[in-house]
Each structure stands twice: as structure tokens, then as C-alpha cells.
Amino acid sequence: SPNPTSGIINVNFAQDTKGTAEVFDVSGKLILKESLNANLKIDISNKESGVYMVVLKDENGAPFKTEKVIKN
């Protein structure tokens, strides 16, 4: 959240979670990778406006959540 965003994407869990958050542009190119934690803030403010995919992966690299995010 929020979606659409002006630059900061908040990913919240009840407790620290091991794994990664990966952000892909519309062409499928990986543009950002962050380690998961309970209150992760992903900053895409320096990226162009458009549609991005945020993929949350567990510690083994298996995706467990994918969200489309619109950046204004």
C-alpha cells in the first residue's frame, strides 16, 4: 500500500519474515530487490511513472504474493 503510489510502497507483516521483495518493470526487468522485514518500505520514487510488479518471495526463493503497483 498505497496503490497507486507516488514512490513509497509499504509491505507490512505481523512479524519479521525471511525472504525478498522484488520489483519488476512492465518489461519484466528486475529493478529493485530488498530483504523482507516486518515494516518494509520500498522506495520507487526515482523510477518513471507506470506499472510495476512487486513479487514477495520466501527464504527459498518461492513467490508467495504478487501485486501490481501503479506509480504516479
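**Walking through the model**

Colleague: Start with burial: what share of the residues is buried?

Modeller: Of the 72 residues in the protein, 32% are buried. Buried means under 20% relative accessible area, exposed means over 50%, and partly exposed is in between, with a 1.4 Å probe and protein chains only. Keep in mind that this is a predicted model: local features need pLDDT of at least 70, side-chain atom pairs count only at pLDDT 80 or more, and totals for chains, interfaces and linings use all residues. Residues are numbered from 1 along each chain as its sequence is written, and side-chain values use heavy atoms, with hydrogens and water left out.

Colleague: And how many helices and strands are there?

Modeller: Zero helices and six strands. Those are DSSP runs numbered from the N terminus, with helices being H or I of at least four residues and strands E of at least two.

Colleague: What about the radius of gyration?

Modeller: The protein has 11 Å, which agrees with the value near 11 Å for a compact globule of 72 residues. The radius is taken over C-alpha atoms, and the globule rule is 2.2 Å times the number of residues to the power 0.38.

Colleague: OK, the core. Which residues have the most contacts inside the largest nonpolar core?

Modeller: Ile-9, Val-23, Ile-42, Ile-44 and Val-54, in a core of 13 residues. At least two core residues each come from β1 (8-12), β2 (19-24), β4 (39-43) and β5 (50-58). The largest share, three residues, is from β5. A nonpolar core here is a set of buried Ala, Val, Leu, Ile, Met, Phe, Trp, Tyr and Cys residues joined through side-chain atoms within 4.5 Å.

Colleague: What does Val-54 touch?

Modeller: Not counting residues up to four places away in sequence, Val-54 touches Ile-9, Glu-22, Val-23, Ile-42, Lys-65, Thr-66, Glu-67 and Val-69. Contact means heavy atoms within 4.5 Å.

Colleague: Switching topic: where is the cis peptide bond?

Modeller: It joins Asn-3 and Pro-4, with omega about 5°. Pro-4 sits in the segment before β1.

Colleague: And Asn-72, buried or exposed?

Modeller: Asn-72 counts as exposed because its relative accessibility is 54%. Asn-72 lies in the segment after β6 (63-71).

Colleague: Which residues is Asn-72 in contact with?

Modeller: Leaving aside neighbours within four places in sequence, Asn-72 is in contact with Pro-4, Thr-5 and Ser-49.
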